[in-house]
Number of protein chains: 2
Amino acid sequence: LQDPTAFHAVPDLNVVRLITKKRDGGALAPDEIAALVAAYTAGDVPDYQMSAFLMAAFLRGLSDAETVALTRAMLHSGEVLDLSDVPGVKVDKHSTGGVGDKVSLVLAPLVAACGVPVPMISGRGLGHTGGTLDKLEAIPGFDVRLDLDRYREVLSTVGAVLIGQTGEIAPADKELYGLRDVTGTVESIPLISASILSKKLAEGIDALVLDVKTGRGAFMKQEAQARQLAETLVRVARGFGTPTVALLTDMDAPLGRAIGNGPETAESIRILKGETPAGGPCDDVVDVTLALAGEMLWLGEAAESPEAGRRMATAALRDGWAAGVFQEIIEAQSGDASVLDDPDRLMGEPVATVTADASGFVADIDPLALGLAAVDLGAGRAKKEDDVDPKAGFVLHKKPGERVEAGETLAQIYASDPSRADADAVRSAFRLAARPATPRRLLIDRFDGEGWTGSPAST
Amino acid sequence: LQDPTAFHAVPDLNVVRLITKKRDGGALAPDEIAALVAAYTAGDVPDYQMSAFLMAAFLRGLSDAETVALTRAMLHSGEVLDLSDVPGVKVDKHSTGGVGDKVSLVLAPLVAACGVPVPMISGRGLGHTGGTLDKLEAIPGFDVRLDLDRYREVLSTVGAVLIGQTGEIAPADKELYGLRDVTGTVESIPLISASILSKKLAEGIDALVLDVKTGRGAFMKQEAQARQLAETLVRVARGFGTPTVALLTDMDAPLGRAIGNGPETAESIRILKGETPAGGPCDDVVDVTLALAGEMLWLGEAAESPEAGRRMATAALRDGWAAGVFQEIIEAQSGDASVLDDPDRLMGEPVATVTADASGFVADIDPLALGLAAVDLGAGRAKKEDDVDPKAGFVLHKKPGERVEAGETLAQIYASDPSRADADAVRSAFRLAARPATPRRLLIDRFDGEGWTGSPAST
């Protein structure tokens, strides 16, 4: 039996020593983390050493200083965009994801309409949560794969641009996420924070707003964990000198009424145009969007406070400016802007209707159950390689707290392949009760790096 | 951000689920551990998943039941010998290793001489600790690579056999140890226990005695850790129905006076023959050997108690029976038995002499410093692939507690290559003091599975 650390002294990097240091609860120096990530990305550190390190980091934790160093190393594994020649304070938003979360589609044009540039790089959906790229691609022709020159050009001319992750941005994150995914090391707050921020900070942004969701449909189901994630994200982002605020928002019910790519994009367009979406009004989507917009306009120096920013965004939405910017984005990214005139064609006709068995009030809609039913319908992906049906999804005609009569429509199902519609799966996500339940708080709290400052003002 | 466990459901074995279960402090079922090890050995589980599991096991621990299951899975990854046709209760000894630990060379023939068969499979030295195989190979012609038929035959006819690990025995241990060695997951008591016992239990033994060493020259430097290792080893071995006892012995000074393969084998032969070894008497080697022999003869049902076994072994050593069995072992394993008549030729003439700078008492000899100096001299290995010089080593002419005059010999250095001798390195391992220090306890304690029963009787 030997002490192996004595026999693996690589001249510049003793990986076993770094692993054992973290394993024993020690803190790694920034240079050590930088060297480890650089060597891993270069293929000089094998996956089996990195996965042992990741598990040690998962169980022993990483300090803020270590998380900053890890984020910096991942950030600098690829291209870091310099948008300093684009005028204005560039601000982006990141959401930890949920069911029915189409906020980016409304928010990006809305904030740009108020004069703050929004360079947004988004992801695809996986599992029960959707992804902004899939929603945008429900618009015929919409190209999310702009090269970085065109990305900069659209941002400069339109004020907002929405593209997908490129291979040039934080490639170490892609490799590390792939490894974490198969080694049980995903659900670590510092590792999640480094993954999110390495990509966001590479975009060339000046400030960041985070929508950290909690509840059954969120990644962080427990509020205490979601608060920890919000705090770590904000502290680490501020460690880079990037002003950052996090809102803690509810994901214990679907956001809005549409779930699925085409239905959600149609709903977003109706909201941008001030029209009522297919299933009915979507005050929750509007509230979250305006709260995030207020923060972005404040950080983007277009408003004196988040509240003033929110008022500015409310006016821009009401007056249709945001819809106009969304049309410009679609056109600049080769999409068919005629969908703005007829958004419901993005989902076609319903293939099945889900009705109430009894009368009462909607007490609860389980977002996780609907998210998983959407995957079964073809609206989402069980595996990364899966294709999605852009028309597939659900539109909820009843939301929690609303009255329903026996036989009345609870939801409608949309799909290119009607045989995949499962009305029972959708119905079983609804729970009816004799009395209306107390509505949940949607905007739970706000963290600005100094402390939790309470729920932002709602409409 | 997704929960990845939902998307890696392998039909028969969800490795990510097992990793996360251990990561979160859960206990794996025996079947789960068996399936994981079998799939890893078959190449169906990649190293990066196994190393994440090993780190989770390192930090969360394994219960005795899990350690038994892991040991069983590793044991059954290869051939499990059946020695039931060899008459007698077969007993082996395992030492966790130290500096100057040549006990096996004296113990195996001694116990066999008292009628208890000893089927012994040993390892090679690495780093500061030596290995029995290297010591045996200092004898010209000695063959440690017998096939399993010949192993059985020598055991039956001579009563003891000393060979090296074969590829047929516990191959999963070799793979897992190699992975642990490079992923910072070596120093885990359950993983160490499974590694040791999977090999020992595959030998076909009926009972086992463990020499768990503690101190600067040992793998477990802290006594509390060494006690934990002893307890886990004994409980897990007993979980297989194998009667097992552990002695906790001191490794804070070199054992005996010789360090290095040829010198240690020469010392062992002198002890077996009742002669004084080159540097002087070696009461510590004799004490540890007789204590272990007493336990083996008791477990081997040749003596009514460990104390009775010890008396029996004392007589067998005194009367030269053990030396006769060692001669038979050497001859059966193709070695040159004439070394018994002139053991000192195994080390040749000294190439340097280390003398005392001042007069006083030897207060301390650092075993780790001497072990590392032996590697530099060519007596040990820094890496597994290194060759060893069988003649190289040190002979201590003074031991802790002994009086020394300025200019008197502290130690002599032996080597095929005199240029590698470093007298200063050897001298600096000695600490002299004005008064003799209180001697350390050599036989510290004894664990029999029920509890710690106190130090075995010494001479």
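A polar contact is a pair of N or O atoms within 3.5 Å; within protein, one atom must be able to donate a hydrogen and the other to accept it. The legends below use this term for a predicted model.

**Figure 1. Polar contacts and salt bridges between chain B and chain A.** Across the interface of the two chains, nine residue pairs are in polar contact, with both residues of each pair at pLDDT 80 or more. The count of salt bridges between chain B and chain A is two. In one salt bridge, Glu187(B) pairs with Arg23(A), and the closest N and O atoms are 2.9 Å apart.

**Figure 2. The side of chain B that touches chain A.** Four helices of chain B, α1 (15-23), α3 (47-60), α8 (171-181) and α9 (189-201), each supply at least two residues of this side. The most comes from α3(B), which gives 10 residues. Sorted by class, the side of chain B that touches chain A has 20 nonpolar, 12 polar and six charged residues.

**Figure 3. Extent of the interface.** In this view, 38 residues of chain B are in contact with 38 residues of chain A. The size of an interface is often given as the accessible area lost when the parts come together. Between chain B and chain A the buried area is about 3,500 Å², and carbon and sulfur atoms give 67% of this area.

Figure 4. Arg381(A) lies in the loop between α15 (367-377) and β9 (393-396) of chain A. Arg381(A) counts as buried because its relative accessibility is 7%, and buried means under 20%. Its side chain reaches two backbone oxygens: that of Gly125(A) at 3.0 Å and that of Asp386(A) at 2.9 Å. Leaving aside residues up to four places away in sequence, Arg381(A) touches Arg124(A), Gly125(A), Leu126(A), Gly127(A), Asp134(A), Val375(A), Asp386(A) and Val388(A).

Technical notes: Residues numbered from 1 in each chain as written. Chains lettered and ligands numbered in written order. Predicted model: local features only at pLDDT ≥ 70, side-chain atom pairs only at ≥ 80, totals over all residues. Heavy atoms only, no water. Buried < 20%, exposed > 50% of the residue type's maximum accessible area, 1.4 Å probe, protein only. Contact = heavy atoms within 4.5 Å. Buried area = accessible area lost by both parts, 1.4 Å probe. Salt bridge = Lys/Arg side-chain N within 4 Å of Asp/Glu carboxyl O. Nonpolar A, V, L, I, M, F, W, Y, C, P; charged D, E, K, R; others polar.
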